[in-house]
Amino acid sequence: TVYNNYFYDEPVYDLHDGGYVPLEHADVPEQPLNVPAVLKPDKVDGNDVWYTIRAQAGETQILPGQKTKTWGYNASLLGQTIVLKDGVHYHVHIVNDLPEVTTLHWHGLNIPGPITDGGPHAPVYPGKSRDIEFTLNQPAQTDWIHPHPCPNTARQVWQGLAAAVVVTDDIEGKLPFPRDYGVDDIPVVLQDRSYHDNQLDYDADYDMDGTLGKYMLVNGTINGVFDVTTQRVRLRMLNGADRREYRLHFSDDHEFTQIASDGGVLPEPVQMKKVMLTAAERAEVIVDFGDYKPGDRVQLMTDDMPVMTFAIGDFERDDTVLPAHLVDIEDWQPTPGLPVEKTVMSGMDDEVLLDGKLFDMQRIDRRQQVGTVVDWDVTNTNEMDGGMIHPFHMHGCHFLILSRNGHAPYPNEHGFKDTVGVNAGETVRIRVKFDVLGVFMYHCHILEHEDTGMMAQIEAYDPDQPQTYHLLSMDDL
Ligand code: C2O
Ligand code: CU
Ligand code: CU
């Protein structure tokens, strides 16, 4: 089967309220797609690796003329790609060279909370640094880092803070996937921005239901072109937008194969012509350019707007066929005797709530014992004006998607996830297990909803290892 469907409920996509900003074509010459460099370790010693990640301000040539003032991680905009390996022990020195407090959140890494994980309890004050360490214990996947200081996450991401994290392991390493970074394996960080005399102006563009930009960027490039020099190219697509969903397809409806979602490789490859990503979701796809000839061009689109261009060059024939089965997904069985957890995302604009409440940094909203498997019903009650999708994200764990309103999950939802788009009026049942201790956030990943308070905290606990957490308050940020 080749799916030709976004799967999501069409009406909730862009009819959410009066504030929707359609994408426009940017009158900017084509330019080579920015492919961020891979961050080099400061030091490697056996199984220990040291990195420095510096949040910094800079200037970036995005539009012709004046450069744009932007923020990034070890770069003026976005950041260098961090490549990590399962089983390795990492030491990370986080430096804040910005004029305000920030945090460094590892979206998709199952590492202890609330400090290592980098949520709002782990501020790095301006001019200061913080050191964390963790042993990575999870499968290959595409994750990302972004700031998480309450309530300024959305503005800091808008300013440019976000970078791809590539997790590798030995299982994925043996699959016949392209993995030559920058050549046939690239991050595709999808964002939208508007500019005012070439500058960002978050306050001017702010929308409580998620700030939208007029122009489409990939890895910070408008009208980017990637030169295809191999028949198969792996795109690590990441929705890094504050709010916008991307409905991706090629200009000629060329098919592609999704091989991984947020939590790693899918059990089976999924052939498709369309894929939708809600905020913070990832999809790794392989595009086979074998039926093009040198000089051909094809565009990746979101709806009717070009996202970026692939310029086909010469390449050697590659007849690699993907196996029908890629990886085994652990069969989690719910721990007997535990009720289904229920969580509700409701409202729009300034009325957004999670479980009827606004976020409180000093309140732990629920607890789940590490190692137990619990089903959660995640409901989006919102049906105002046709409603809108809330992408539900959990820190510190991955989950399986069991059903959507009692129906089977979408065909590309058979692997592990950490973010799931929940349609208006829908209940998504997920199966959740924590392996690491901590206080973790769970929230809507429309960043303005998160900043307004559509967020809560769960403690993943172990009765044999009681912890005490010093929870900060918003005044500490
Ligand atoms: Cu992308 Cu709370 O995270
Ligand atoms: Cu996260
Ligand atoms: Cu939301």
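Begin by selecting the copper ion (ligand 2), which is coordinated by His-105 (NE2) and His-393 (NE2), at 1.9 to 2.0 Å. Donors here are N, O and S atoms within 2.8 Å of the metal (3.2 Å for Na, K and Ca), and water is not among the atoms, so sites may look incomplete. His-105 belongs to strand 8 (residues 105-107) and His-393 to strand 27, so the pair ties together parts that are 288 residues apart in sequence. Helices (H or I, at least four residues) and strands (E, at least two) are DSSP runs, numbered from the N terminus.

Some conventions apply throughout. This is a predicted model, in which local features need pLDDT of at least 70 and side-chain atom pairs count only at pLDDT 80 or more, while totals for chains, interfaces and linings use all residues. Residues are numbered from 1 along each chain as its sequence is written, chains are lettered from A and ligands numbered from 1 in the order in which they are written, and side-chain values use heavy atoms, with hydrogens and water left out.

Colour the two histidines by accessibility next. His-105 is buried, at a relative accessible area of 1%, and His-393 is buried at 0%. Buried means under 20% relative accessible area, exposed over 50%, and partly exposed in between (1.4 Å probe, protein chains only).

Now select the copper ion (ligand 3). Its coordinating residues are His-390 (ND1), Cys-444 (SG) and His-449 (ND1), at 2.0 to 2.2 Å. The two histidines link distant parts of the chain: His-390 lies in strand 27 (residues 390-394) and His-449 in helix 5 (residues 447-452), 59 residues apart. Along the sequence, the donor residues follow the spacing H-x53-C-x4-H. Both His-390 and His-449 are buried, and Cys-444 also counts as buried, at 0% relative accessibility.

From Cys-444, move to Cys-397. The nearest cysteine sulfur to Cys-397 is that of Cys-444, 16 Å away, and Cys-397 is in no disulfide. A disulfide is a pair of cysteine sulfur atoms within 2.5 Å, and the count comes to zero disulfides. Cys-397 is buried, with a relative accessible area of 2%.

The next stop is the largest pocket, with a volume of about 530 Å³. On a 1 Å grid over the protein atoms alone, a pocket is an open set of points where a 1.4 Å probe fits, with protein on both sides within 12 Å along at least five of seven lines; lining residues have an atom within 4 Å of a point. Grid points are joined across faces, edges and corners, and a volume is the space filled by probe spheres set on the points. To find this pocket, select Gln-138, Pro-139, Gly-263, Glu-330 and Phe-416, which lie nearest its centre among 25 lining residues. Helix 3 gives the largest share of the lining, three residues.

For the second largest pocket, of about 330 Å³, select Thr-257, Gln-271, Asp-288, Thr-320 and Leu-322, the residues nearest its centre out of 19 in the lining. Strand 17 (256-261), strand 18 and strand 20 (282-288) each give two or more residues to this lining.

Finish at Val-265, which is placed in strand 18 and is buried, with a relative accessible area of 9%. Val-265 touches several residues beyond four places away in sequence, including Ala-140, Glu-172, Leu-175 and Phe-177; contact means heavy atoms within 4.5 Å. Val-265 and Leu-175 are 90 residues apart in sequence and 9.9 Å apart in space, C-alpha to C-alpha.
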